[in-house]
Amino acid sequence: MCFHPWSDLTLPLMSLPEIRAVVDAWTELATELGASYPWVQIFENKGAMMGCSNPHPHCQVWASSFLPNEARLEDRTQRQHLSQHGVPMLLEYAEQEARRKERLVVENADWLVVVPYWATWPYQTLLLPRRHVCRLQDLSDSEKDSLASIMQRLLIKYDNLFEVSFPYSMGWHGAPTGPYLEEECRHWQLHAHYYPPLLRSATVRKFMVGYEMLAQAQRDLTPEQAAERLRSLPEVHYKKRTEEV
């Protein structure tokens, strides 16, 4: 799914109405495909560093007749947490991060973005709604507007970090669909993962190799350090600052 007719216009450089149109298209696809398929995976691989061979900014949507491994794991852990604590896990986590603010990157009335404490990629982030939402199609119009806004703010900060079109893989996770639409989904909380590979500069990336592949991922900076660095970046895109000068 292409984001814009212009082949060089990425999400952080698009207008808020244009980003909102992307959110609407995501919601429509999730609804349409979710009527039949148990899992609809919306994801974007941005940049050649993340294996994107088509430079035109776009995302992909895969629908599967089964729950993939990550979906099954998230379903199980969120279900266990609700059973044990009586509150959706990621809703409780978002409330805690909003209070602490140590790993908070950006926030608005409906959403917040944090560097999660379990992050393995240097500037990995998690986008979360403030209220309990199971699926993209459950968002209100105002929440879709504020989602477009917070995505733009986050992605501008990413680009400003090393003044480059920041590569990443991102994707949405929500409650399963298809035959699961009739089942209870209170344990699920909608969220999006962002996995960017860059570490120290526009060309120096993080590699998951050796000990990290065979034993345990190692962090090159703490989640708090990563969040502080992203949080302190301006929210005017570096290309637009250059144009203004």
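Guide: Buried means under 20% relative accessible area, exposed over 50%, and partly exposed in between, with a 1.4 Å probe and protein chains only. This is a predicted model, where local features need pLDDT of at least 70, side-chain atom pairs count only at pLDDT 80 or more, and totals for chains, interfaces and linings use all residues. Residues are numbered from 1 along each chain as its sequence is written, and side-chain values use heavy atoms, with hydrogens and water left out.

Visitor: Which are the buried residues of helix 1?

Guide: Ile-19, Arg-20, Val-22, Val-23, Ala-25, Trp-26, Thr-27, Ala-30 and Gly-34. Their cover includes strand 1 (39-46), helix 4 (141-162) and strand 6 (168-173). Helices (H or I, at least four residues) and strands (E, at least two) are DSSP runs, numbered from the N terminus.

Visitor: What makes a set of residues a nonpolar core?

Guide: Its members are buried Ala, Val, Leu, Ile, Met, Phe, Trp, Tyr and Cys residues joined through side-chain atoms within 4.5 Å. The largest has 46 residues, of which Trp-26, Leu-127, Trp-172 and Tyr-194 touch the most other members. Helix 4 gives the largest share of this core, nine residues.

Visitor: What is Trp-26 in contact with, leaving aside neighbours within four places in sequence?

Guide: Contact means heavy atoms within 4.5 Å. Among the partners of Trp-26 are Met-1, Phe-3, Met-151 and Trp-172.
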